[in-house]
Each structure stands twice: as structure tokens, then as C-alpha cells.
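Have the sequence and the model open as you read.

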Amino acid sequence: MMMIIAEFFVVILKVMWAFVAAGAKWVVPRKEKSVAGQVCVITGAGSGLGRLFAKEFARRGATLVLWDINSQSNEETAEMVRQIYKELDAPLLKEEPVGGVEEVPTFQPHVHTYVCDVGKRENVYSTAEQVRREVGEVDILINNAGVVSGHHLLECPDELIERTMVVNCHAHFWTTKAFLPKMLELNHGHIVTVASSLGLFSTAGVEDYCASKFGAIGFHESLSHEIQVSEKDGISMTLVCPYLVDTELFKGCRIRKEIEPFLPPLKPEFCVKQAMRAILTDQPMVCTPRIVYMVNFMKSILPFDAIVCMYRFLGADKCMYPFLAQRKEAMNNNEAKNGI
């Protein structure tokens with residue numbers, strides 16, 4: 001019994017120290033680590049946040065492996081990355097050779113594109129094997145690919161619900177199983193889960209999307225604990241939970257107009273900048289904006305009826321309805337054009 005009591009006090013001291021260490025990071029920010037020369041796989045790299053992540057990692061000299069189901073948009077991202085690489089090389093080319101001998105850079109980053117449907121397990125595994133053969137072992141995995149059905153639950157075809165769950169959640173299992181074994185062997189790597197604030201607290205009309213993001217966060221947290229248990233301190237995990245981002249994915253989402261100036265949709269560039277800061281400092285989790293932390297905490301302690309009252313005040317209870325209406329109208333217009 002005495003041993004348990006003594007160990008309990010040690011745990012309390014460690015918890016208090018964790019609070020102190022976390023507070024110290026606010027005063028003395030951690031130095032960003034270098035990812036130059038490291039191989040970074042980004043799923044859903046053809047547009048949105050995936051494209052911005054690719055550009056940020058390119059600016060830091062990482063070798064990019066871009067996965068997307070759309071070959072054309074993926075190549076467009078790759079071309080942007082190549083342009084960034086050229087801009088990085090330009091200052092080196094202007095420098096005069098030392099001692100009359102031209103110095104050859106020790107590493108030249110490259111970008112590789114692969115058409116991959118992360119919703120198909122075998123496609124993920126075969127593409128991952130191709131990456132290992134053609135590029136090498138992966139250091140950083142950004143699980144970013146995501147879809148949304150854009151239908152109310154009772155109007156949503158079962159196939160779209162399954163697609164949302166597979167791409168937004170199940171795919172994380174498959175990409176991780178493909179690349180984690182070598183990370184464990186080398187005790188080196190970083191896995192990033194791009195989730196959503198809708199994986200921490202939900203709203204009406206997007207049951208499939210919320211469920212998929214809740215699942216992705218649960219997977220990420222469990223995997224984080226498993227890596228801690230395995231004592232692989234060279235492998236980092238970062239969970240990214242942004243508020244609504246101003247991209248095509250949720251175009252039209254609106255909260256109460258009087259509140260929206262204080263909580264506007266996030267600019268994608270700002271969201272990725274914040275996420276990159278967290279990744280490069282090995283931060284376990286980042287919520288953007290910071291009020292998401294408070295909302296998540298309040299959801300945990302307040303009665304459900306109180307949460308409903310807050311949602312209604314903010315206009316968050318029906319914030320997805322304009323988006324769903326736009327999706328439905330667009331679908332009806334397409335059907336009319338096709339003569340359906």
C-alpha cells in the first residue's frame with residue numbers, strides 16, 4: 001500500500017511538471033526541427049490543405065510524395081512544388097565557386113506524384129510499396145485526404161456514408177500500417193492526422209463526417225498511446241483540429257451573422273501555418289483557433305441541454321444547412337442538365 005501511495009504522489013508531481021513544461025513553451029517557444037532531405041507523404045495533395053502542406057514542406061527542403069485520386073490536380077501541386085525548389089536553388093546558383101571548384105549540393109529534393117484512392121485498401125498498400133521502391137523509406141506521413149457527402153442522414157445514400165467513413169477514417173489505418181513498421185524499426189518518423197473540430201464536437205446535418213472525424217481522432221490518440229508504450233521516443237504524433245476552413249469542402253457553412261465576424265471561417269493558409277508550427281515543434285495537438293480548446297472542454301463538463309442552448313445562440317446548430325442546401329441544388333442542376 002505504501003508503494004502505491006508513494007507512486008501516486010510521484011504521478012502528481014509529474015502531472016504538475018507537465019503543466020509547468022507546457023506553460024514554459026508559451027514563454028520560450030521550441031525551436032523548429034529541420035525536415036530537409038526527409039521523405040514526406042501527403043494524401044489528398046491535389047487541392048486545399050494538402051496542396052498548402054506540400055508547398056510548406058517544399059520550402060523546407062523535404063522530398064515530397066504526393067498522393068491524390070485526381071492526377072491533373074496532383075500534377076498541378078507538383079508543378080508548384082518544383083517552382084519552389086527552383087527558387088530555393090536560385091541563391092546557390094548565384095554564388096561563386098570556392099577555390100575555382102564548383103560545389104555540388106549534397107542533397108537535391110524532388111517531388112513524386114502517385115494516383116492513389118486511399119478509400120481502397122489494396123491501392124494504398126500497392127502505392128506504398130511503389131513509394132518504397134522508387135523514393136525510399138518515409139519519414140513523415142500526413143493523413144490529410146478527406147471527403148464530405150453533403151447530405152442529411154436520411155437523404156444520404158449508403159454508398160456515400162461508407163465512402164466518407166473509409167476515406168476520412170479507415171484510410172488512416174491502412175497508410176499507417178504501410179509506413180509505421182519501418183518508423184518503429186528506425187525509431188524515427190512523424191505521423192500527422194488532419195482531423196477537424198467536428199471530430200471533437202459535432203453539429204447537425206453531417207453525421208457521417210462527424211463520425212469519421214471522431215473515429216480518426218480516436219485512432220490517432222490510441223496509436224499515440226501505443227507508441228508511448230513501445231518507448232519509441234523518436235516517433236512523433238501530431239493531431240490537427242481546425243475550425244471550419246474556407247475551402248470548397250464546406251463552402252456555404254455559416255454561423256449566426258452577428259457572431260461570424262468574431263468566428264469567421266479560417267483562411268487555409270493560416271490553418272496550415274499553425275499546423276506546420278505544431279508539426280515542426282513536435283506538438284501533440286493543435287486546435288485552430290484556440291477557442292476550440294475551450295469549446296471542447298466546456299462540452300465535457302456542461303449538461304447536454306446547456307450545449308444545445310450555446311449552439312442555438314451561436315447559430316452552430318444549423319450552420320451546415322446552407323452548405324447542404326447548396327449541395328442539393330447543385331446536384332439537382334446536374335441531374336437536370338443530364339436529363340435525369
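## Helix α5 and its end

Helices here are DSSP runs of H or I with at least four residues, strands are runs of E with at least two, and both are numbered from the N terminus. The model is predicted: local features need pLDDT of at least 70, side-chain atom pairs count only at pLDDT 80 or more, and totals for chains, interfaces and linings use all residues. Residues are numbered from 1 along each chain as its sequence is written, and side-chain values use heavy atoms, with hydrogens and water left out.

Helix α5 covers residues 158-186, which is 29 residues.

## Salt bridges: the count

Side chains of opposite charge can pair when their charged atoms come close. The rule used here asks for a side-chain nitrogen of Lys or Arg within 4 Å of a carboxyl oxygen of Asp or Glu. By this rule there are 13 salt bridges.

Which residue forms a salt bridge with Glu32? The partner is Arg277, with the closest N and O atoms 3.3 Å apart. This pair links distant parts of the chain, 245 residues apart. Glu32 sits in the loop between α1 (2-27) and β1 (39-43), while Arg277 belongs to helix α7 (residues 268-280).

Glu32 is partly exposed at 34% relative accessibility. Arg277 is partly exposed too, at 30%. Partly exposed lies between buried (under 20% relative accessible area) and exposed (over 50%), using a 1.4 Å probe and protein chains only.

## A pair within a helix

Glu79 forms a salt bridge with Arg82, and the closest N and O atoms are 3.4 Å apart. Both are in helix α3 (residues 71-94). They are three residues apart, so about one helical turn separates them. Glu79 is partly exposed at 42%. Arg82 is partly exposed at 30%.

## Another pair, and a network

Arg256 pairs with Glu258 in a salt bridge, the closest N and O atoms being 3.2 Å apart. Arg256 is partly exposed at 35%, and Glu258 is partly exposed at 44%. Elsewhere, salt bridges with shared partners join Glu56, Arg59, Arg60 and Lys273 into one network.

Methods
Expected span 1.5 Å × (residues − 1).
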